[in-house]
Amino acid sequence: MRCDLFCAVVDNFGDIGICWRLSRQLVAEHQWQLCLWVDDLVSFQKICPDVDSRLTDQQVAGVRIRLWSSPLPPLSEQDRPDLLLDALACVAPESYLHWLAAGEKKPLWLNLEYLSAEDWVAGCHGLPSLHPTLALKKYFFFPGFSGNTGGLIREQHKVPQLSVLASDPQQQGEFWHRIGLTDAMQYQRKISVFAYSQPEIHHWLEQLATSEQSHLVLVPEGVLARELQQHYPKLATGRLDSGALSLRILPFVPQPDYDLLLACCDINFVRGEDSIIRAHWAGKPFIWQIYRQQDNAHQEKLQAFLQKFLEGAAPATAQAIQALYQAWELEQDISAAWQVYMQQLEQIQLHSLKWQQFLTGQQDLASNLVRFVENQLIIPRNFS
Ligand code: TRH
């Protein structure tokens, strides 16, 4: 199977994050030949340091990575894919579509959609639509949290690997050493905070500083780290120690290490579409700051997620999670909600593991995609 995957980096790292995970998995676990076309190699390099942002055509982890420039470089007959995958609402260039439509060998065309837990997703997953002028047929492939959607990106080895790590202090110590946080194991609670703007976060940090337990709080570089450095000028060095709290700015780590980081922390704040899924696989309590959308569409998405996630949770546990999510989403002071959340932490930990088990009982997105493509390729397609 030869697949061209197009990825436009809108902002941040979610677009390339998702495409990069999926590409590697399709190559490693399904032996596909993958060409990833991406329009921003600098963002890509942040999550995968092996990428050389000066090269327009390169091979990393078995994936061919090509710069999506305008116009695209000339393409040969050997470049023709069996499958075209447009990721996350981007569309491959019109000239490329004409080139595909003109070829003798007609590829299958799919759109990998954004993630949502909303109920309508299952009804739209796998539906076709016709290209307005080229009469090419395109199928919509929706990720999701139930068996009648495309599922979630989950590499085969991931959950077992992270579970072993989460229960092995020696492996955790080695990980912290490797990423330069040599004193991490001495803190009683480790929290990663990957988030967008949170102007009121200092209240919570000050609460942690006076807590009975020692806390290591890790904030990846980016918007929140900059806000914190403005609020606490001493954090310019990347570290601020105050009472029971040690606050650190963490340089971006390669994507596979980010997964390990989540498994080594006790609680993870995540954001966007890719890190929330990673938090599920880490099996630790997580708080999601969903990516903001126009007309507050993200709020419905968040509620749909919480409804699914909180099914079966005890009312007090569900309320504690809801309250913290709400305060965090509204960028408010979370100190009060945090206290309640902490009282429920043990139950939240158990619930997070149950949720993880429920999800790992489903087929992963790459396997669903492979099956979908194989089924479609057996059925003759109407291209013109
Ligand atoms: O960066 P994001 O905010 O991306 C967002 C969302 O995906 C959103 O849905 C999308 O519409 C928008 O981009 C355009 O958050 P997300 O999705 O969690 O992606 C972050 C990626 O960065 C993820 O693949 C993990 C990776 N990462 C690392 O590899 N190393 C790191 O150190 C960190 C902190 C993250």
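Four salt bridges link domain 1 and domain 2 of this protein, a salt bridge being a side-chain nitrogen of Lys or Arg within 4 Å of a carboxyl oxygen of Asp or Glu. One pairs R21 with D259, whose closest N and O atoms are 3.0 Å apart.

This is a predicted model, in which local features need pLDDT of at least 70 and side-chain atom pairs count only at pLDDT 80 or more, while totals for chains, interfaces and linings use all residues. Residues are numbered from 1 along each chain as its sequence is written, and side-chain values use heavy atoms, leaving out hydrogens and water.

Let us meet the two domains, whose bounds come from an automatic or database domain assignment.

| Domain | Residues |
|---|---|
| domain 1 | 2–152 + 363–377 |
| domain 2 | 158–360 |

Their centres, taken over C-alpha atoms, are 30 Å apart. Where they meet, 21 residues of domain 1 contact 24 residues of domain 2, with contact meaning heavy atoms within 4.5 Å. About 2,000 Å² is buried between the domains, and carbon and sulfur atoms give 57% of that area. (Buried area is the accessible area, with a 1.4 Å probe, that two parts lose on being put together, summed over both.) On the domain 1 side, R21, L115 and F145 supply 32% of the area buried against domain 2, more than any other three residues.

Which elements give two or more residues to the side of domain 1 that touches domain 2? They are helix 1 (14–30) and helix 2 (41–47), helices being DSSP runs of H or I with at least four residues, numbered from the N terminus. Helix 1 gives the most, with five residues.
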